[in-house]
There are 2 protein chains.
Amino acid sequence: MRASRYLIATQKETPADAEIISHQLMLRAGMIRKLAAGLYTWLPMGLRTLRKVERIVREEMDKSGAQEVLMPAVQPAELWEESGRWTQYGGELLRMKDRHGRDFCFGPTHEEVITDLIRNEISSYKELPANFYQVQTKFRDERRPRFGVMRAREFLMKDAYSFHLNAESLNETYELMHRTYCAIFDRFGLDYRAVQADSGAIGGSASHEFHVLASSGEDDIVFSTGSDYAANIEKAETVAPSGTRPAPVEEMKEVATPDQKTIDAVSQLLGIDATRTVKTLLVKAEADEDGSSGLVALVLRGDHTLNEIKAENLAGVAEPLTMATDEEIEQAVGCKPGSIGPVNLNVPVIVDRSAAHLADFVCGANREGFHLTGVNWERDAALERVEDLRNVVEGDPSPDGKGTLEIRRGIEVGHIFKLGNKYSTAMNATVLDENGKTVIMDMGCYGLGVSRVVAAAIEQNHDENGIIWPDAIAPFQVAIVTLNAHKSPTVAEAGEKLYEQLRQAGYDVLLDDRKERPGVKFADMELIGIPHRFVVSERGLAAGTLEYKGRKDAEKQDVPVAEALPFLVNASPRKGL
Amino acid sequence: MRASRYLIATQKETPADAEIISHQLMLRAGMIRKLAAGLYTWLPMGLRTLRKVERIVREEMDKSGAQEVLMPAVQPAELWEESGRWTQYGGELLRMKDRHGRDFCFGPTHEEVITDLIRNEISSYKELPANFYQVQTKFRDERRPRFGVMRAREFLMKDAYSFHLNAESLNETYELMHRTYCAIFDRFGLDYRAVQADSGAIGGSASHEFHVLASSGEDDIVFSTGSDYAANIEKAETVAPSGTRPAPVEEMKEVATPDQKTIDAVSQLLGIDATRTVKTLLVKAEADEDGSSGLVALVLRGDHTLNEIKAENLAGVAEPLTMATDEEIEQAVGCKPGSIGPVNLNVPVIVDRSAAHLADFVCGANREGFHLTGVNWERDAALERVEDLRNVVEGDPSPDGKGTLEIRRGIEVGHIFKLGNKYSTAMNATVLDENGKTVIMDMGCYGLGVSRVVAAAIEQNHDENGIIWPDAIAPFQVAIVTLNAHKSPTVAEAGEKLYEQLRQAGYDVLLDDRKERPGVKFADMELIGIPHRFVVSERGLAAGTLEYKGRKDAEKQDVPVAEALPFLVNASPRKGL
């Protein structure tokens with residue numbers, strides 16, 4: 001492609017409303033433009049990368065034996081009523097009425113449509129397993145769309161749905177999809193992790209998320225230093241402390257802690273470590289049969305944080321997890337949130353396993369401005385229910401017993417689920433088995449955020465000058481920058497020659513033949529993030545060389561003109577995408 | 001692809017609600033399934049063809065220098081208010097409100113979005129001309145969606161928009177797009193015509209439609225036997241009759257024509273040819289300044305039909321063309337529609353050029369049950385306004401003076417427009433010219449119905465056994481049918497070997513390895529329409545041959561196993577799409 005005939009829509013200024021680096025760089029590099037909140041046009045430069053991501057996904061899905069289909073974006077309400085999600089799905093479902101007043105939505109996902117299709121098309125176990133995917137535009141009406149295409153309302157997604165006679169077959173396809181996703185992310189050239197995840201609202205028995213690692217990621221993901229164990233922090237189990245709880249040494253005493261409302265403040269006042277304290281959180285209990293609900297106390301070691309997913313998955317705790325208000329706490333306990341403790345507490349208490357292992361600890365006295373020291377379980381406070389309540393922390397032992405845990409930030413770009421029979425039961429999707437018996441199919445579903453991958457790749461790969469694309473998903477693999485070609489026919493000719501040579505070798509080449517100053521061209525090519533750059537100049541040609549610089553390289557180097565192609569093949573063996 | 005691992009969803013029965021052959025065959029061949037009125041899922045077999053169409057379009061658009069973008073499907077109302085179309089566009093615009101109550105639509109077209117983008121991105125004549133295209137899902141909320149993907153509500157379209165400093169530049173890109181469309185339809189392997197067309201509601205100064213010829217087409221298209229002239233019948237001009245009008249011979253007489261309400265009936269009763277009669281149609285006149293509107297009479301030769309587009313484009317005639325009701329006619333003229341005539345008619349009269357050339361003709365007497373014979377213009381009825389009002393008929397002289405006209409049926413699958421400055425003026429899309437002066441850009445737009453092409457190809461190419469795909473857009477180019485392979489390892493092995501050989505040569509091959517009876521397999525491959533078929537059987541292999549049959553061939557032929565590939569290369573040189 002010749003830059004003079006291409007929309008190079010780079011910008012110097014960082015756009016004011018772009019909060020994260022990928023959003024800023026996608027706007028500045030001329031990859032996207034905002035049409036309205038959460039709605040983006042992909043400019044030519046951005047679309048090239050999007051299409052490369054899409055192509056890799058499609059090739060690997062095809063290789064796995066999945067069959068591509070294309071379902072409508074607009075879906076009739078009837079199917080969503082059948083699955084129960086027309087009412088369950090909240091404000092993110094963009095609903096509309098057609099000219100005849102019938103209800104439709106712009107599909108955020110396609111479980112209903114594919115289940116309806118397959119219950120009509122597949123009737124025998126002989127046709128199973130089968131896995132269908134599409135690369136399709138979806139819509140989620142986010143309350144606060146932001147971060148550019150990272151959390152847009154309209155986005156491009158690869159979604160796949162598999163159908164099975166039994167759980168064993170589902171497990172096989174699930175593992176195949178796990179391997180396929182790894183192959184996809186390997187080909188992207190991104191640093192990623194597959195982690196165990198909570199199945200959440202989609203339902204099902206198991207799921208894994210695929211995260212692109214980036215310090216700006218919104219998720220904490222956890223790995224073992226000594227094994228393959230990896231999980232979203234929401235899902236990561238803690239290991240129960242080993243050994244028995246130390247015996248009490250101190251007597252329980254009430255101490256004044258006026259105006260000390262946080263664990264840190266109390267620890268400092270008392271001159272102890274936060275690990276010797278507990279904090280007590282009051283949350284809504286699960287509703288009784290008559291609909292009324294009280295409170296439940298959750299007790300954690302002072303330095304630990306509550307894992308909300310673990311808590312709301314517990315029997316007796318309301319889902320979604322709802323913290324008690326200050327008023328509810330005052331009414332139930334008679335003090336403010338900062339002074340609650342498990343001693344003589346008149347609500348059910350659930351204690352985290354680490355907190356349950358403490359002796360001679362400090363906690364709130366259930367009296368405003370006072371704490372208790374030297375508190376011991378059993379002796380001073382009953383220990384009726386002990387559970388895993390907290391988030392793991394760095395250095396915790398791995399749940400598989402091998403190594404300790406590290407925590408990194410990740411951006412979720414893929415999620416695979418064993419759905420089981422949630423949708424197939426609701427929609428009566430059955431086949432006849434070997435014995436002619438009608439059985440409900442098992443299902444899996446496999447999502448991959450195609451447009452989100454583009455943003456995540458940038459979050460992971462950038463510097464102060466702009467984007468640093470991995471070769472496989474760069475809009476162009478190679479930039480050829482000609483200097484003052486409008487004044488020098490030699491330079492123009494050498495640029496054209498190199499352009500043709502590299503293109504014919506299968507590279508995606510951008511020839512920057514614009515009548516711009518060299519500094520402007522260099523800055524644009526760096527901002528756009530093209531992995532390999534050759535500069536064609538009169539001075540270089542006089543010496544028979546081109547100047548080469550890899551986007552990640554600190555230094556430039558001279559390459560003889562005749563060596564340019566073999567040099568590039570060596571620097572970027574993955575050619576001709 | 002192995003058929004045993006592929007969704008071959010063929011059906012024997014013709015679906016009851018499918019009115020046209022392409023809709024029937026797409027359902028029967030397992031290409032599409034209906035989700036709801038006008039909403040179709042593309043099954044794997046159908047999607048393969050859709051993607052090939054899409055790919056050819058993309059390759060030729062890229063070759064033309066157009067740049068691919070991707071705009072959102074969901075568009076904010078504000079832009080449509082700016083162009084004036086939020087209120088003008090009727091019930092086909094699917095409107096919706098997001099969770100914050102803001103108005104959006106599911107875009108049926110993208111003039112507003114692209115004009116908004118380009119007015120922000122392009123500021124100088126140096127960046128012009130520029131042509132941007134996308135292949136994107138669109139929605140038109142048809143009142144009566146039908147004919148499958150031929151007139152679906154959700155459909156896939158290639159739309160392109162070009163921007164220019166002046167009309168000359170627009171003309172150049174328009175001609176380039178015309179050539180590009182010809183290249184695209186040539187590659188599809190379809191019989192098509194580019195014809196002059198009316199610009200209609202999109203506006204602009206010139207347009208051409210691209211029609212796939214098929215007897216089931218909804219449009220009449222007109223060509224000259226002696227030149228390149230081709231036009232939609234809506235647009236095709238008639239040539240004014242040559243010579244002067246014959247002088248009157250007969251006297252005007254009133255004759256009783258009781259109960260003769262049609263031209264045919266009157267002609268028969270009077271023993272004359274319909275070419276000697278005129279018919280008079282009353283339509284609504286253009287509204288006056290005070291909003292009131294009367295009627296206008298349109299007079300045509302009895303054997304001619306009214307061209308509604310020509311009529312409504314005339315000054316003085318209401319647009320859209322609206323026929324007067326029987327009540328309005330009785331009130332204005334005092335008789336029923338079948339008895340109107342131009343003699344002493346008390347509304348303005350517009351006479352078609354052929355009707356104006358008649359002498360001694362027959363017309364209604366403006367009196368119930370009576371006609372006039374021997375009527376002559378000027379003498380009996382004023383001839384104040386003569387226009388081109390009628391559709392051309394076969395045998396008419398070509399408007400360019402070369403040859404006569406033929407009429408064929410066509411399916412409109414592409415439409416290119418010189419938009420001029422309609423949208424750029426409404427939305428103030430300007431650039432600075434060479435002199436630093438702000439000028440409104442000129443625009444062109446170029447649509448191609450990607451999903452519609454699939455249906456149109458079938459309307460043109462089918463027989464009683466099913467679809468007959470052109471090689472370039474067939475879901476698979478070659479079928480290999482193995483007979484009783486589950487019982488014969490020799491056949492299974494030979495089938496696999498041929499499959500690998502043809503695939504490696506770049507062909508899209510479907511190996512029908514299903515455990516089905518030969519008759520079922522043959523019928524499916526014919527129904528699906530795969531252009532080339534090899535049969536692998538024990539008997540054939542014993543003689544060292546495969547059986548070959550082209551989908552259009554009447555006869556099968558034996559081909560030595562070793563000759564299969566060169567034979568296929570000869571039969572289908574366009575390989576490796």
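Contact here means heavy atoms within 4.5 Å. All views below are drawn from a predicted model.

**Figure 1. The contact between chain B and chain A.** In this predicted model, 52 residues from chain B and 52 residues from chain A take part in the contact. Leu35(B), Leu70(B) and Arg99(B) supply 17% of the area that chain B buries against chain A, more than any other three residues. The area buried between the two chains is about 4,300 Å², and carbon and sulfur atoms give 61% of that area. Of the interface residues of chain B, 100% are also interface residues in chain A, so the copies meet through the same surface.

**Figure 2. Salt bridges and polar contacts between chain B and chain A.** Six salt bridges are counted between the two chains. In one salt bridge between the chains, the side chain of Glu68(B) meets that of Arg51(A), with an N to O distance of 3.0 Å. The count of residue pairs in polar contact between chain B and chain A is 20, with both residues at pLDDT 80 or more. Helix α2 (residues 44–63) of chain B contributes five residues to the side of chain B that touches chain A, the largest share. That side of chain B divides into 30 nonpolar, five polar and 17 charged residues.

**Figure 3. The relation between the two copies.** Chain B is superposed on chain A by a rotation of 180° with 0.1 Å of shift along its axis, and the RMSD is 0.2 Å. The two copies are thus related as by a two-fold rotation axis. Within chain B, the C-alpha of Met96(B) is the nearest to the axis, at 2.7 Å from it.

**Figure 4. Domains of chain A.** The domain assignment divides chain A into domain 1 (51–237 + 407–458), domain 2 (253–387) and domain 3 (476–571). Taken over C-alpha atoms, the centres of domain 1 and domain 3 of chain A are separated by 42 Å.

**Figure 5. Surroundings of His208(A).** His208(A) is placed in strand β10 (residues 206–213) of chain A. Its side chain is joined to that of Tyr174(A) by a polar contact of 2.8 Å. Leaving aside neighbours within four places in sequence, the residues in contact with His208(A) are Tyr174(A), His178(A), Val195(A), Gln196(A), Ala197(A), Gly414(A), His415(A) and Ile416(A).

**Figure 6. A salt bridge within helix α2 of chain A.** The side chains of Arg58(A) and Glu54(A) form a salt bridge, with an N to O distance of 3.4 Å. Because Arg58(A) and Glu54(A) are four residues apart in helix α2 (residues 44–63) of chain A, about one helical turn separates them. Over all chains, the count of salt bridges comes to 82.

**Figure 7. Cis peptide bonds in chain A and chain B.** In chain A, Glu319(A) and Pro320(A) are joined by a cis peptide bond, for which omega is about 0°. Pro320(A) is placed in the loop between α8 (308–312) and α9 (326–333) of chain A. In chain B, a cis peptide bond with omega of about -5° joins Leu128(B) and Pro129(B). The loop that holds Pro129(B) runs between α5 (111–121) and β7 (130–139) of chain B.

**Figure 8. The backbone at Asn366(A).** Asn366(A) has a phi near 55°, a positive value in a residue other than glycine. The residue Asn366(A) is found in the loop between β17 (361–364) and β18 (370–375) of chain A.

Key: Residues are numbered from 1 along each chain as its sequence is written. Chains are lettered from A and ligands numbered from 1 in the order in which they are written. This is a predicted model: local features need pLDDT of at least 70, side-chain atom pairs count only at pLDDT 80 or more; totals for chains, interfaces and linings use all residues. Side-chain values use heavy atoms; hydrogens and water are left out. Buried area is the accessible area (1.4 Å probe) that two parts lose on being put together, summed over both. A salt bridge is a side-chain nitrogen of Lys or Arg within 4 Å of a carboxyl oxygen of Asp or Glu. A polar contact is a pair of N or O atoms within 3.5 Å; within protein, one must be able to donate a hydrogen and the other to accept it, and residues adjacent in sequence count only if both atoms are side-chain atoms. Helices (H or I, at least four residues) and strands (E, at least two) are DSSP runs, numbered from the N terminus. Ala, Val, Leu, Ile, Met, Phe, Trp, Tyr, Cys and Pro count as nonpolar, Asp, Glu, Lys and Arg as charged, and the others, Gly among them, as polar. Copies are superposed by least squares on the C-alpha atoms of residues with pLDDT of at least 70 in both. Domain bounds come from an automatic or database domain assignment.
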